[in-house]
Amino acid sequence: MNKSYLSLGDFTNLLTMRTTKCLSILLFISLFVFSCSSPQKPKSYKNGIVVTAHYLASEVGNEILQKGGNAFDAAIAVQFALAVAYPRAGNIAGGGFAVIRTSKGEYNSLDFRETAPRAAYEQMYCDKKGNVNSDLSQKGHLAVGVPGTVDGMVKLHQKYGKMEWKALVAPAIKLAMNGVALSLSEANKLNDYRDQIRNQNKGKETNPYVRENLFEEGDTLINIALGRALLRIKENGRNGFYEGETADLIVSEMQKNGGMITAEDLQGYQSVWRTPVMGEYRAHKIISMPPPSSGGIALLELLYGAEQYKMNEFDFGSFEHIHLMVELERRVYADRATWLGDPDYYEVPVDRLIDEAYLENRFSDIEMDKKTNSQDIKAGTVELIESFETTHFSIADSKGNAIAVTTTLNGNYGSKVVVDGGGFFLNNEMDDFSSKPGFPNQFGLVGGEANAIKGGKRMLSSMTPTIVEKNGKLFMVLGSPGGSTIITSVFQNIINRIDFEMAPQQVVNAPRIHSQWLPDEVYVETDFPSKNVLDKLKAAGHVIKSQAKIGVMSNIFVSDSEEYIGVADTKRHADSKATGY
Ligand code: DON
């Protein structure tokens with residue numbers, strides 16, 4: 001029998017080999033753990049930056065900047081590109097808001113929110129007994145508001161654009177005509193909504209968003225009808241949508257299916273320049289969206305409370321941090337439900353709501369060890385849905401112009417109606433009105449008279465495109481989708497940066513929470529906060545619900561060396577991308 005013996009030399013060699021191997025394994029493990037625990041460092045750019053929820057749209061925006069376009073030109077090109085590449089939220093038949101800071105120190109905001117058709121009325125979603133039928137406000141032709149996007153982009157271009165209009169619409173036409181390779185997320189989303197989209201579009205000759213087989217990642221989605229609709233916008237600007245063939249297609253879609261929008265509604269639509277709401281937070285200037293969005297006012301109220309209660313003295317994720325946020329949020333959302341609506345139809349007390357004396361008193365009953373009960377009114381029974389149908393993009397250019405745009409169809413693919421022959425989805429923004437006092441919408445939000453339905457009126461929004469300055473210089477550009485959770489996501493990103501002094505990627509990656517008065521619950525992202533803190537929150541009376549994702553940020557930060565750092569929220573939405581030059 002052969003026996004093998006190890007010589008001393010062999011033994012030493014083996015030992016060395018094993019030690020080296022062990023060390024390499026240890027090194028590998030530590031590198032792996034490090035790379036998982038420390039967020040990757042985002043790239044910084046000197047000349048311009050674009051952050052959107054879809055890589056193709058980010059690339060379109062970056063190309064426009066590199067061709068000499070300013071941030072506003074890039075925003076127009078991105079808005080149209082998203083309508084093709086990201087149809088669940090990108091749109092030509094939805095609406096949105098833009099908050100602007102120019103290199104000359106001007107602040108502005110553009111309201112291209114949809115309006116209720118003229119024939120709309122307060123009880124339109126109620127049956128004879130006064131019960132609301134949410135299906136009507138959320139799906140199909142009656143859910144559609146008069147679209148604002150195209151007029152908004154035209155006004156943005158007229159006031160701030162530098163490049164030719166046609167050059168800004170052209171990239172989207174190319175995407176529609178040549179086709180877009182579907183990402184995994186987009187293929188899955190279209191498959192998830194296949195039945196709903198099919199149900200709302202029976203009998204139409206072509207519908208690019210539904211086909212015999214399920215969509216797969218990498219499939220090319222060509223949309224010739226949308227390409228043509230975009231071509232009309234390219235050639236004729238506003239009239240290419242609100243008049244002529246596209247308007248005819250929308251009106252005929254409405255007439256055949258019991259919708260309300262008329263040719264006069266389309267011709268009469270106007271987006272509106274509004275003075276942004278502005279405030280100070282710990283020596284930073286906050287510039288955000290005024291009504292008909294509740295976003296800016298709610299954000300300023302929250303920040304006021306965070307300063308009053310010295311948020312910066314708490315640890316991130318501690319009981320005090322989370323309890324304080326929740327208590328502030330519950331009060332602010334109660335204000336939202338009562339006081340906010342379209343300022344052209346309801347006297348919104350903007351100045352009073354963000355007045356120091358009011359806010360000091362508003363938060364004075366917060367107790368730092370226990371929850372205050374929400375008023376005893378019928379709580380929303382709607383579950384908070386994990387929904388990222390809206391989309392936000394942030395852009396800044398070499399001159400210091402910056403724009404934050406949040407744009408939406410409301411639900412995923414809006415009303416699910418694709419305009420026959422137009423190839424684009426119509427919004428279901430009417431659901432953002434309060435269909436009946438105290439009756440929750442799809443986000444569980446309640447409202448009353450201020451946000452009651454009326455022909456021509458704009459429905460209240462939570463979209464919160466926001467710009468932050470420090471010492472007169474650009475500091476952050478940010479925003480998010482997420483319905484009611486938009487405001488609280490933006491709020492947390494600002495305090496993460498200013499109070500908890502997090503690095504840009506951490507600001508965005510950090511877990512978030514959300515509370516909105518009614519339903520009387522606190523939503524927390526998975527595995528957050530620690531068990532110990534969760535137990536304390538429960539002991540203080542909070543009802544906790546777990547939520548996989550809250551918000552999807554598209555943020556720009558400005559470094560001390562004045563470079564742009566773009567952070568896409570790829571942790572929550574893989575297709576997001578920051579790119580610049
Ligand atoms: O304007 C609003 O507040 C809503 N229509 C936004 C919808 C939304 O964010 C959906 N999902 N992410």
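**Exercise 1.** How many Å separate the centres of domain 2 and domain 3, taken over C-alpha atoms?

*Solution.* Let's begin with the ground rules. This is a predicted model, where local features need pLDDT of at least 70 and side-chain atom pairs count only at pLDDT 80 or more, while totals for chains, interfaces and linings use all residues. Residues are numbered from 1 along each chain as its sequence is written, and side-chain values use heavy atoms, leaving out hydrogens and water.

Step 1: locate the domains, whose bounds come from an automatic or database assignment: domain 2 covers 45-273 + 389-451 and domain 3 covers 275-386 + 473-554.
Step 2: their centres, over C-alpha atoms, are 27 Å apart.
Step 3: domain 2 brings 37 residues to the contact and domain 3 brings 39 residues (contact: heavy atoms within 4.5 Å).

**Exercise 2.** Which polar side-chain atoms face a nitrogen atom of the ligand, starting with D432?

*Solution.* Look for polar contacts (N or O atoms within 3.5 Å).
Step 1: D432 places a polar side-chain atom 2.5 Å from a ligand nitrogen.
Step 2: for E389 the distance is 2.6 Å.
Step 3: for E429 it is 2.7 Å.

Key:
Polar contact = N/O pair within 3.5 Å; in protein donor to acceptor, adjacent residues only side chain to side chain.
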